Structure formats: structure tokens, C-alpha cells
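Hello,

I am passing a structure on to you, and I hope you enjoy looking through it. Please open it first, and then read my notes below.

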Amino acid sequence: MRYIILIGFIFFAFAETNAQQLASYIREAENNNPEIQAFELRYNIAEEKVNEVNTLPNTTVSAGYFLSEPETRTGAQRARFSVSQMLPWFGTITARENYASSLAETQYIDIVVAKRKLALSVSQSHYKLYAIRAKQIVLDKNIELLETYERLALTSVEVGKASAVDVLRLQIRQNELVQQKEVLEQDFLAEQVTFNNLLNRDENTEVIVAEEMSIPDEDPLILTENLQLNPELIKYDRLYESVEQSELLNQKESAPNIGFGLDYVPVAERPEMNFNDNGKDIVMPMVSISIPIFNNKYKSITKQNQLKQLQIQSQKEDRLNKLETLLANAKYNRENTRIKFNIQSDNLKQANDAEEILIKNYETGTIDFNDVLDVQELQLKFQINLIESIKGYYIQYALINYLTQ
């Protein structure tokens, strides 16, 4: 005759199955989420930049024809052909590659951060869906319980131990619970849309969630020092390193550039003359050097890089403070949900004891259906609060994982 749900008890095998299901959803989200795909494409573009900078300046080729051929001792010059190539200072190309690679590393960290945030969102949405579905199950059980009480009330009316008003009150209470269940169904559908959009799939795809979850007896150990390894902070380290590589490249580019070239001038033979080098073509190798005499540009870049490093250090320190605050609040909130869970569990046990007393009173012929409704309302309240505590615990647990795992 009793329809009491013992929320908070679950077999370890079931819990493991639920964790595996959630992990499967997270993997699906990572594979399908368009934001992740956009970050990956940005990373691929940054990687390709390494190949872009691994090149020499364009080779210069020129040709000219003398409209008025200049005469020389060995003959008239008809045309001029030139080819030249500038070469950056030793190590400049390597410095460019290192700088491009460092920028690609920051893009990769963006992917890691985006995946962790996505996993957090999927997890928290999943726990919200669990809470809604668990509340619906609780309401179903309570509706069944009220139907049982209604049958008892009808029997009592027949023998003159209850009034028709008691029956009507029980029916009204059932209608209220049916209404709450229907409202929860709409809440579930709305949250299901959110969940499916995170996975980038059809909004109406059914989501499988656990019917029961529990708060573990002991909280997993939190390694606060792991907060320093959070990708959000590592990104600032990568940005700092990219500025260092930018400065190394700046130093290389402030050095002279060396150029090599070759000029070729075809010379026509002088007619009716016979001497050595008559009509001998001119070949002239050339070496050039580009010196950055006015180097204020490079000095300015150096100053900018120093300021950027100070900015990144400040940004990292600020973000670390905010993450530490988030972690502290998550730990406190998780402990609060455990306290609430324990209190609501005790309250539910006492409400169950009260129900047993009422049932025994019915067996002796003295049942008060007003008390029945009061106890049932308390039971439902404590059951809903237990579900909210479990949901809150795991939402905070997901946040702690995001910060420290």
C-alpha cells in the first residue's frame, strides 16, 4: 500500500552506466558542435601559416632593350637582363616559423577550452533533464498513492467514517499533481531542445537520462593546485610565449638583408674589326645589402612586446582570481547541497513514519484524511527537495571538474 520513493539510493553499476551515457553524449557533442569545428578550422589555418612564412622574398627578374644602343670599345650594347634575390638575415625564417607555430599553439588551446566548456554545458543540461524526469516519476508515485487513499476514502464514506468532501479533496489534489506533471513535461521538452542543440542534432531527438541518482558518501578529492593547469590559464602562457617569439623575430628582422644578383648584357660585334673581346657579352655578378638605418620601427615593436607581456601577466592573474572564486563557490555550494540532502532525507523518513501511523489508524477505524493530505504534501515536498539537492550537487561537481580536471 505504500508508494514511497527512496531517492538517493542507486546501485554503483547503474551509476557507472549513467556516467558512460553522459560521456557518450559529450563525445557526440565534441564531434558535431559547429563552434568546436570552427575552432579546429582556425587552428588548421594557423598551422598552415607555418608553411606560408617558410619562404624567401620574391626573386626579381628584369629585362630591358636599348632603343639607342650605347657604343663601347667591344661593341654596341643591345639589351640588359637582370636577376636578383634578397635573403633575410641568418635565422630569420626559423624565427618566423617559431612565431607562427606559437600562434597555432594558442589556437589549439582555444579548442581545448571550448571542448571543456561544451562538456560542462552538456553535463549541466543533462542533470537538469534528470531532475525534471525524476520529479515526474515522483509525481506519478504520489498520484498512485492518492488514488489508493481515494479508494480508502470511498470505503470510509460507505460506512460513515468519512465525508464526500474528503474524497473531493483527494481528487483535487490528484488534479494538481497531474497539472504539475504536465508542466514538467513542457520543461523537459524545452531543456531537451537546449541539450540537442549542444549536440547539433535534431531538436526532438529523445534524450536518455537516469531515473535515479545519488550523492556519494564521500566527495572526490579536489586538487586545488590543478587549477593552475586549467587551459584558460595555460592560454595566457602560450600568448606570453608567442610574444617572446615575436620579439625574437623582430630582432632578426632588424638585421641587414643580403642580396645576390646577376646582370647580363649582350654586346654586338663591331664590324670590320678584329681584336680580342670583340662583341664579348657583359656578365656582372652583384651583391647588395639592405641596412635598416632608421630603426625606430623595430624599437617601437620591442616596446610594444614588453607592454603586451605585462598585459598578459595581468590578464592571467585576474583570470586566476576569478577561477579561484568560482572554485571556492562551487565547493561551498556542493557542500550546501549535501547538507540539504541529508536534512531532507531525515525529514522524508519522519514523514514516512507519520504515514505509517495514519495507516495503522485506518486499520483501527480512526483516519483523518486532512492529515493524510498534509503528510502526502510534506512527502512530495521533501522528495522534490531531494531531487533538487542531487541536481545541484552534480551541477557543482561538473563545474569543479571543469576547473580542476
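In what order do the 4 strands of the open sheet come? Going across the sheet, the order is β1-β4-β5-β6, and the strands pair in the antiparallel sense. At the edges you will find β1, residues 60-65, and β6, residues 282-290, each of which has a pairing on one side only. On average, neighbouring strands in this sheet are turned by 15 degrees against each other, with direction ignored.

Y65 has A79 of β4 as its bridge partner.

Next, the helices. Helix α3 spans residues 92-158 and helix α7 spans residues 369-404; they pack with their axes 10 Å apart, at an angle of about 170 degrees. An angle over 145 degrees counts as roughly antiparallel, so α3 and α7 are roughly antiparallel to each other. Sorted by class, the residues in the contact of α3 with α7 are 26 nonpolar, 9 polar and 6 charged.

A word on confidence, as this is a predicted model. The protein has a mean pLDDT of 87, with 93% of its residues at 70 or more. Please take care with residues 1-15, where the pLDDT is below 50. In the model, this stretch has 40 contacts beyond near neighbours in sequence.

Best wishes

Notes. Residues numbered from 1 in each chain as written. Predicted model: local features only at pLDDT ≥ 70, side-chain atom pairs only at ≥ 80, totals over all residues. Heavy atoms only, no water. Pairing = 2+ DSSP bridges. Helix = DSSP H or I, 4+ residues; strand = E, 2+ residues; numbered from the N terminus. Axes fitted to C-alpha atoms, helices over the stretch in contact; angles between N-to-C directions. pLDDT = per-residue confidence, 0-100. Contact = heavy atoms within 4.5 Å. Parallel < 35°, antiparallel > 145°, perpendicular 65-115°, else oblique. Nonpolar A, V, L, I, M, F, W, Y, C, P; charged D, E, K, R; others polar.
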